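Work through the exercises below with the sequence and the model in view. Try each task before reading its solution.

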Amino acid sequence: MAELMVRDGTWSFDGEGIRIVPGSERGVHKLRQDLGELTVPLVALAGIAHEPGRKGGRLRLRLRDGADPLLQVTGGGLPDDANPYQLAVDTARVDVAEYFVDAVRQALLLEQVPDGPCDRYLLPGPPVPLTASGIDGVATFDGERVRLEWRWNTSETKRQWGPQDYALTDLEAVEWRPPVGLESGFLRFRPHGTKERLKPDHDPNSIELWGFKKESGTTALLAAAVTARLPHPSAPAAQALPAAAPAVPAVAAAPPAAGPPPAALTAAPADDHDALLRRLRELGELHRDGILTDEEFAATKAAVLRRFDTGG
């Protein structure tokens with residue numbers, strides 16, 4: 001177990017994934033605190049680096065393209081202090097940060113984790129329900145439907161359209177752009193067949209964003225939560241809306257003389273990525289306790305990692 005604890009938060013690595021807990025002190029970005037604790041599975045990582053700085057530097061995770069719905073929908077628009085995959089490192093903890101980097105890199109090498117793009121999300125996205133406010137409207141998402149309601153200062157165009165309500169099956173994509181200078185940002189929901197792109201202040205499918213810290217952070221989380229439940233942009237064309245992950249395949253049974261395989265090797269439902277992470281931890285414990293042989297552990301672990309990477 002490698003662990004790095006600083007004011008900005010705590011990262012711990014158990015060989016299977018990096019558990020990220022944001023700091024609770026003042027100065028930690030609200031988006032990271034709202035997102036809360038999350039675990040990045042090893043198979044979602046393309047790399048890790050410690051970037052030295054005058055005050056200790058920064059630890060930075062590089063995720064595989066398409067692995068995370070938050071990075072997918074924000075497209076590099078998150079500032080460093082809002083990015084959950086970066087950690088400001090104090091000068092006194094630089095040695096620990098470098099040890100942490102070495103531990104993760106060694107695991108990536110040993111497990112031969114590919115660093116190419118994904119055709120499915122390997123992280124589940126922010127938890128729901130979520131409510132996010134913009135300048136001229138409020139968006140809510142309960143996991144199944146999105147609703148936009150307008151504020152008193154919305155444009156007459158939007159007011160004439162009235163509140164908007166979408167089922168996930170109505171939507172082709174979600175777009176999120178942060179404000180830049182004097183130009184407003186937006187959170188836009190794109191229904192199937194929509195071709196015309198209106199300015200955010202006149203688009204009934206958008207809410208307008210000004211400033212990052214006040215409202216844009218929560219809108220990014222809501223955009224990511226919806227994105228996680230839409231088909232992955234790189235998925236095969238025939239793929240439907242994401243469903244519960246299939247059962248983890250069982251490893252081949254041991255030779256007859258060894259008796260039936262342990263119960264932990266049989267297939268079990270995996271409703272989400274957390275279930276797969278739990279399975280990896282359980283396998284590690286069974287291996288440490290001597291219940292699984294080295295061969296059984298390696299084969300079953302490989303099957304779970306393939307489930308993360310390919311979805312079956």
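A strand here is a DSSP run of E with at least two residues, and strands are numbered from the N terminus. The model is predicted.

**Exercise 1.** Find the strand that holds Ser12, and decide whether Ser12 is buried or exposed.

Solution. 
- Step 1. Ser12 belongs to strand β2, which covers residues 9-13.
- Step 2. Buried means under 20% relative accessible area. The relative accessible area of Ser12 is 7%, so Ser12 is buried.
- Step 3. Beyond its neighbours within four places in sequence, Ser12 has contacts that include Met1, Gly17 and Phe100.

**Exercise 2.** Classify the ring pair of Trp11 and Phe100 as stacked, tilted or edge-to-face.

Solution. 
- Step 1. Ring centres must lie within 6.5 Å for a pair. By this rule there are 2 aromatic pairs.
- Step 2. For Trp11 and Phe100, the centres are 6.3 Å apart and the planes meet at 50°, so this pair is tilted.
- Step 3. Trp11 sits in strand β2 and Phe100 in helix α3, 89 residues apart, so the pair links distant parts of the chain.
- Step 4. Trp11 has 0% relative accessibility and therefore counts as buried. Phe100, also at 0%, counts as buried too.

**Exercise 3.** Describe how strands β5 and β6 are joined, and name the bridge partner of Ile48.

Solution. 
- Step 1. β5 (residues 45-51) and β6 (residues 58-63) pair in the antiparallel sense over 6 bridges.
- Step 2. The two strands form a hairpin with 6 residues between them. In the turn, Gly56 has a positive phi of about 120°.
- Step 3. Ile48 has Leu61 in β6 as its bridge partner.
- Step 4. β5 is mostly covered, with 5 of its 7 residues buried.

**Exercise 4.** Which residues touch the most other members of the largest nonpolar core?

Solution. 
- Step 1. This core has 65 residues.
- Step 2. Val40, Leu61, Phe100, Phe189 and Val226 touch the most other members.
- Step 3. Helix α3 (residues 94-111) supplies the largest share of the core, 8 residues.

**Exercise 5.** Locate Pro178 and list its contacts beyond its neighbours within four places in sequence.

Solution. 
- Step 1. Pro178 is in the loop between β12 (171-177) and β13 (185-191).
- Step 2. With those neighbours left aside, Pro178 is in contact with Gly77 and Gly185.
- Step 3. Pro79 is 99 residues from Pro178 along the chain, and their C-alpha atoms are separated by 9.8 Å.

Note on methods
Residues numbered from 1 in each chain as written. Predicted model: local features only at pLDDT ≥ 70, side-chain atom pairs only at ≥ 80, totals over all residues. Heavy atoms only, no water. Contact = heavy atoms within 4.5 Å. Buried < 20%, exposed > 50% of the residue type's maximum accessible area, 1.4 Å probe, protein only. Pairing = 2+ DSSP bridges. Core = buried A, V, L, I, M, F, W, Y, C linked by side-chain atoms within 4.5 Å. Phe/Tyr/Trp six-rings, centres within 6.5 Å; stacked < 30°, edge-to-face > 60°.
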